[in-house]
Amino acid sequence: MGDERPPESPDGAVVKFPVLLVMLGAPGAGKGTQAREIANWLCVPHISTGEMLRDAVERGTVTGKRVRAIMESGALVPDDLVCTIVEQRLSQPDCERGFILDGFPRSVHQALFLDGLLKSTHRGSVRVVNIRVDRDSVLKRLTGRRMCPKCGAIYNIYFNPPRRDSVCDLDGSSLVQRGDDTEEAVGTRLREYERQTKPLIERYRHMGALRAVDGNADPKTVREAIVRVLKAS
Ligand code: ADP
């Protein structure tokens with residue numbers, strides 16, 4: 001295993017390991033961006049169920065074929081399928097020092113499953129960061145998002161447009177929109193969030209595990225707020 005010392009910040013406070021962190025928040029709240037950076041900083045895996053499922057779709061696996069249309073519509077894929085994927089991933093050795101979960105759990109069933117899994121593997125309970133963002137910003141962040149299929153650069157036609165319409169500044173490729181970032185699919189994703197995922201906020205608050213951060217700020221400020229939460233708990 002790697003270095004066991006917790007990362008130290010300039011003020012000397014440390015983060016306790018294992019880091020079992022769940023990122024909650026509406027689609028477009030910035031969970032993925034933050035989870036990736038925090039995971040890099042702590043040297044623990046960033047586990048995004050959305051990315052794992054998109055990867056399965058791209059590779060054309062059995063799972064991928066099963067979930068493709070569901071994901072494009074913006075609906076949630078069946079709990080059992082996602083729970084199996086997460087169980088397999090969390091059993092990998094690189095999760096021993098912890099993990100950052102992004103996009104899981106997304107329903108009460110999934111949250112209960114995660115509790116059971118962590119209990120049966122004697123790993124303690126999760127800390128949860130809820131990234132809160134105004135609905136209008138979320139709509140613009142998602143429907144305005146465009147990606148370069150070649151280098152992965154991300155733009156937004158409202159906040160961070162490319163210099164030339166629909167063309168990547170870095171390599172000139174034509175930008176694409178994620179299949180579930182269309183207005184219709186975004187509407188479904190937000191409804192699913194309200195119906196299935198929002199109840200988790202109350203649940204984790206009752207358990208004393210929830211900390212909220214303001215996701216309307218710029219990414220660096222949001223990241224600093226999350227780091228403060230991690231060091232304080
Ligand atoms: P976002 O949080 O912006 O909606 P994600 O990349 O996390 O994006 O998820 C994309 C899609 O993948 C979801 O709309 C859903 O169809 C599927 N998905 C991801 N995670 C889960 C999950 N835990 N349960 C069910 N479906 C999921």
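**Ligand shell, sheet and helix packing**

A polar side-chain atom of Thr49 lies 2.8 Å from a nitrogen atom of the ligand. Such a polar contact is a pair of N or O atoms within 3.5 Å. The model is predicted: local features need pLDDT of at least 70, side-chain atom pairs count only at pLDDT 80 or more, and totals for chains, interfaces and linings use all residues. Residues are numbered from 1 along each chain as its sequence is written, and side-chain values use heavy atoms, with hydrogens and water left out.

Arg54 also places a polar side-chain atom 2.9 Å from an oxygen atom of the ligand. The protein covers 96% of the 550 Å² of accessible area that the ligand has on its own. This area comes from the Shrake-Rupley method with a 1.4 Å probe.

In total, 19 residues surround the ligand, each with a heavy atom within 4 Å of it. The closest are Thr49, Ala75, Gly103, Gln110 and Arg189. By class, the shell has 8 nonpolar, 5 polar and 6 charged residues. Here Asp, Glu, Lys and Arg count as charged; Ala, Val, Leu, Ile, Met, Phe, Trp, Tyr, Cys and Pro as nonpolar; and the others, Gly among them, as polar. Helix 2 (residues 49–59) gives the most to the shell, with 4 residues. Helices (H or I, at least four residues) and strands (E, at least two) are DSSP runs, numbered from the N terminus.

An open sheet is formed by 5 strands in the order 2-3-1-4-7, with parallel pairing. Pairing requires at least two DSSP bridges between two strands. Strand 2 (46–48) and strand 7 (210–214) are the edges, and each pairs on one side only. On average, neighbouring strands are turned by 25° against each other, direction ignored. Strand 2 is joined to strand 3 (residues 98–102) by 3 bridges. Within this pair, Ile47 stands opposite Leu101.

Helix 9 (residues 219–232) packs on the sheet, touching strand 1 (19–25), strand 4 (127–132) and strand 7. Contact means heavy atoms within 4.5 Å. The direction of helix 9 makes about 160° with that of strand 7. Angles run from 0 to 180 degrees between N-to-C directions, and axes are lines fitted to C-alpha atoms, for helices over the stretch in contact.

The axes of helix 5 (residues 108–120) and helix 8 (residues 199–206) come within 9 Å and cross at roughly 35°. Helix 5 contributes Val108, Ala111, Leu112, Leu114 and Asp115 to the contact, and helix 8 contributes Pro199, Leu200, Arg203 and Tyr204. This contact has 7 nonpolar, no polar and 2 charged residues.

Methods
Polar contact = N/O pair within 3.5 Å; in protein donor to acceptor, adjacent residues only side chain to side chain.
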